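Open the structure in your viewer and keep the sequence beside it.

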Amino acid sequence: MGLTKSSTGRRAGADLRELKRQSGRQKIVALAGNPNVGKSTVFNCLTDLHQHTGNWPGKTVTNAQGLCKSGTWDYLMVDVPGAYSLLAHSAEEEVARDFLCFGGADAVLLVCDATCLERNMNLVLQTMEVSRRVLVCVNLLDEARRKGMRLDLELLSRRLGVPVLGLVAREKGSRRRLLAAMDALFAAPARTGDCPVRYPAPIEEAAARLLPLAEEAAGGLLEPRWLCLRLLEGDEALLARIDRFLGDSPAREALFRAAEAQRQALSEAGLDRDALEDRFTAALIGAGEALCRGVVRCEQAGYSHRDRQIDRVLTGRLLGYPLMLLLLALIFYITIAGANRPSELLMALLFRAQGLLEALLRHLGAPPWLTGLLAEGAWRVLAWVTAVMLPPMAIFFPLFTLLEDSGYLPRIAYNLDRPFQRCAACGKQALTMAMGFGCNAAGVVGCRIIDSERERLLAILTNSFVPCNGRFPTLITMLGLFFIGGAAGGLSAVLSALLLTGLIVLGVAATFAATRLLSATVLKGTPSAFLLEMPPYRRPQILQVLVRSVLDRTLFVLGRAAAVAAPAGALLWLAANLRIGGESLLSLAAGALDPLGRFMGLDGVLLLAFLLGFPANEIVLPIAIMIYTAQGSLTELGELSQLKALLLQNGWTWVTALCVMLFSLLHWPCSTTLLTIHKETGSWKWTALAALLPTAAGFVLCALTAQGARLLGG
Amino acid sequence: MKEHATLDTLRPGQRALVLSLEGAGALRRRLRDLGLIENTPVECLGVSPLGDPAAYGIRGAVIALRREDSRRIRVRVI
């Protein structure tokens, strides 16, 4: 649910070509590291940019950038996706590798996890092969200390030949220490010696033969030794990338020809592509082991006793699934129970303000049409969206962020992998599904954490089967009005939460069904290798979570909804009041849609509202209400009870409400999501399928429900 | 239990040394990235509710692997 300005706004996916030094004082620093080591926390601490953080690998899937000033230099920090290795194996690792190798950064700040330092060395050593200025920052020292590990970072720094900074990025003072370390890095001359990894003799000899040619061809833009090694390895995709980067020149051609010959010779000596990769990795891992010997002293094994106990319960055979459901229901319960009163108050307040706005406009001498356009159109829809969305979001987002920070999300993927495997899909789809609860567009972007192209498409195409926060208000309102009306206060929130959980389970079931359908038809294939890292549980930073998720996510999402709602409200008011032959445009359109709408348990107005809600799901219900009020007699709408009266007046029954919920759960994704899908898949065909699939499912389900209820005399 | 086995046969709590990775391609590379090569010690830490995947301790990290993949890793139980 990486949903903030930096992940869905303009900064997202910052194109590398855009990166230019703004002035002579600016230095570009890449922020790299293994997944889930706290890169985003370091990034936020330096830039105050509020990049969304979460305790699960794969959260940052694009490069984000932000500025921070030390007084000596202005640092343009680029947060690249987490990677285990620069021998890229997934889309996000490719983004990281491309930036580190070809992005032209002045230095690399490598964030490492103190609790498994040895594994981080693989990336550290590879990065040292491509960059002459590297600062190693060993984060999460507090966790390592809790695990009883002691680290000798000075020794590590001496062995590596680069500065090493120990850090607890979440603590105060980290920013100052990081800036000082970066200033020192740039004050010292660039490292001259080679990286401390030596490969087997035949490889080193071949590389030495290529080196003079490489120095000429690289022209100071690439590290020659690294270039030789990669040319010997012969990864086609990387070769093509290097080819593009260096451009056409006689030196490059000579180098590539010589490399080809050396590869041939190595292959004849028994070192083919696979064997070479084995040797490279073995050398890197061996070097990492040697580096850490004596640096890390550990009194107990990596996986702490506490985590083991928690996992035994949360991923246990008996309790794993029930606890997952219970947790979901609990989150909904807190959201619904807590948001009830504030929503009502807010609505009463905002609708009263509508009267004031009208009076003010009349006082200013505005013509009636303008008053109507602004007050009844723009303001009312805006007020509705705010009152209905703000309180639940201000509760739901922090709760979800707490869950995300704690490290529970990867456990959901772990628990749910088996059913996904049955659908020939990837278990990480559970993570992208969870992101979909926040925003389907963010969920679709998040699908980049899935390596296999086929499995990534499965996840993208089915992401909108779980409701995003724009659809929750509609679901909660319907539940509140039609399904638990009689229950007393406290009980009604419990019932709402349980029913909502049921709907979500239905959405998840639909996700599985759709995934299975797709992988049995257009996306046939066998599941690829699945590998999921489960981070240690961390105590969430409650205060920071609260502030961040309210300020960043809630207000951002609300702002985006409001930006659509206000103009849409004004336009709708026009459409409701422009008349052709005595009938408004809206009622004409609604009339035309009525037969189809009724067939699926809705009516023309609702179907029209769903169509007009294409830019943002939040405004579906307000649109329906506006069309109803424009047609009917009721104009004041300050409370939910009045809303119910209005809906009943327009022929609603519980079946209508049920069908609204089902169709809200299953219909076309909003325009933002569809555009994102097009961007991610690069194909209108898949985009169309992503819209058709849930729509067809929703249509069938609604029609069955409506016809079934009719048969039973409902 | 045989001395030579595949990773998927480890029960929670059992430890083993990696002998070899069978097959090629994506999984092999991924595992190498994580530091899982010959002679790396691994421990089975737990099994997911539906019996697959299982969690393994590899160089200080907890990694979940599917049975389909872990049975390609030959190990010696220790």
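Is Arg263(A) buried, partly exposed or exposed? Select Arg263(A): the residue is partly exposed, with a relative accessible area of 21%. (Buried means under 20% relative accessible area, exposed over 50%, partly exposed in between, with a 1.4 Å probe and protein chains only.)

Before moving on, note that this is a predicted model, where local features need pLDDT of at least 70, side-chain atom pairs count only at pLDDT 80 or more, and totals for chains, interfaces and linings use all residues. Residues are numbered from 1 along each chain as its sequence is written, chains are lettered from A and ligands numbered from 1 in the order in which they are written, and side-chain values use heavy atoms, with hydrogens and water left out.

Arg263(A) and Glu260(A) form a salt bridge, with the closest N and O atoms 3.3 Å apart (a salt bridge is a side-chain nitrogen of Lys or Arg within 4 Å of a carboxyl oxygen of Asp or Glu). Both sit in helix H11 (residues 250-268) of chain A, 3 residues apart, so about one helical turn separates them. (Helices, H or I of at least four residues, and strands, E of at least two, are DSSP runs numbered from the N terminus.)

Next, select Glu204(A) and Arg225(A). Their salt bridge has its closest N and O atoms 2.9 Å apart. It links distant parts of the chain, helix H8 (residues 201-218) and helix H9 (residues 224-233) of chain A.

Last, select Asp235(A), Glu236(A), Arg273(A), Glu277(A), Asp278(A), Arg28(B) and Arg32(B), which a network of salt bridges links.
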